[in-house]
Every structure is written in C-alpha cells, then in structure tokens.
Amino acid sequence: FKCKIKDEEVFTDAFKYELIDDAYYVVTGKMEKVSNEIDERLIGGNKSAEAEEEEGSEVVNIVSSLVAATNLEDAPALEDKKEFKKKIKEYAARITKEVKENSPDRYEAVKNALTAVAKKVIAEFDSYSTYAVKDDGFDLEGTLVFHRTINKNKDKGDQAGDVCEIIVFKDDLIEEKA
C-alpha cells in the first residue's frame, strides 16, 4: 500500500490489517528490539581467542515493526496538539474532496470516519505519534499515519513484544497488486 501523492510505501500486506467502514485501515504490528551492533564476521573480522573483549557501545532500541518496515518518518511539526488540529483539518479536507469527486456515495461515511479518528487521536494525543512516508516528515504533503503502542505494562513503557497499530485512510493509498 503506497501513498498516492508521494508514491512511497505506507504498509505491506505482510502485516495483519483490517478495513474499517470502507474508510481506513488499522494495521497491527509488534514492538521489536533493534541493535546497532555490527557482527564482525560480516566484514571479515576474526576475533582470536586470546583477544581481550573490547568494551562495545552497543545500543538496543525498541522500535515499531510498522514504522521500521517502510521507513516511516516522525512528523515533528505535529507533536503539538494545536498544530496537529490545524493539519488534520487540512488533511481531512483533501481526503473528503477526493472522495466527493471520485466516490460520492462514500462521502458521508468517509467524512464521519475522518471525524471519529481525528477526535480519538486528539482525545488520546499523548498515546499517538504521527508519521509520514519516507522523505515527507517535514513537508507533510502525503499520507498521515497515526501510530500507537498498546503496552502490556504501562509502567514500563514500550517493550519488545508489545502490540502497535497504525491508522491509515484508504483514499490516500494505492493498493499494489502482487
């Protein structure tokens, strides 16, 4: 599934996804551990048994499989609720205009779905992050992707194995057939 405007991948059918109200997809993934450690064997390294173990600076991050799989970019301009509200209105206007022109019979349903999703994200603003497709994190001309993690243990924050999901509007996507 690609962004209609930027022609960049938003999500793949490798993830579980569901179309809601013929308006938007909810795609489910997992939070995963990702390490920056380099396996010396891959670059011709051959540690001898006598060599002292070097103190490495391995960094392990917990990342969303949904974000990592398609290189989605954080949308820093939308970390402020006021800016988010402004952008979501513009985004909703663009989507509903397209639906009205191309699928007028779906207009009311899509408009209602956009309103419901926007209200949900605003109400739970601290639980959601907004992403954009590759190379659109600052311009925000293409698809907006709403991401949240469903923590098993809220006290610990994001942990490997936690479920995460994104919400993406159908009318902002091109479905590629394999």
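A: Happy to. A residue counts as buried when its relative accessible area is under 20%, as exposed when that value is over 50%, and as partly exposed in between. With that in hand, K2 is buried, because its relative accessible area is 19%. This is a predicted model, and it holds eleven salt bridges.

One of them joins K2 to D7, with N and O 3.6 Å apart. D7, at 45% relative accessibility, is partly exposed.

Next, look at K4 and E98. Their salt bridge brings the closest N and O atoms to 2.4 Å. E98 belongs to helix α2 (residues 81-102), while K4 sits in the loop between β1 (2-3) and β2 (16-20), so this pair ties together parts that are 94 residues apart in sequence. Both partners are partly exposed: E98 has a relative accessible area of 21%, and K4 has 36%.

D22 is in the loop between β2 and β3 (24-35) and R106 is in the loop between α2 and α3 (107-123), so the pair connects parts 84 residues apart in sequence. Here R106 is buried, with a relative accessible area of 13%, whereas D22 is partly exposed at 33%. The pair also belongs to a network: salt bridges with shared partners join D22, R106, K170 and D171.

What lets such pairs form? Side chains of opposite charge can pair when their charged atoms come close.

Key. Residues numbered from 1 in each chain as written. Predicted model: local features only at pLDDT ≥ 70, side-chain atom pairs only at ≥ 80, totals over all residues. Heavy atoms only, no water. Salt bridge = Lys/Arg side-chain N within 4 Å of Asp/Glu carboxyl O. Buried < 20%, exposed > 50% of the residue type's maximum accessible area, 1.4 Å probe, protein only. Helix = DSSP H or I, 4+ residues; strand = E, 2+ residues; numbered from the N terminus.
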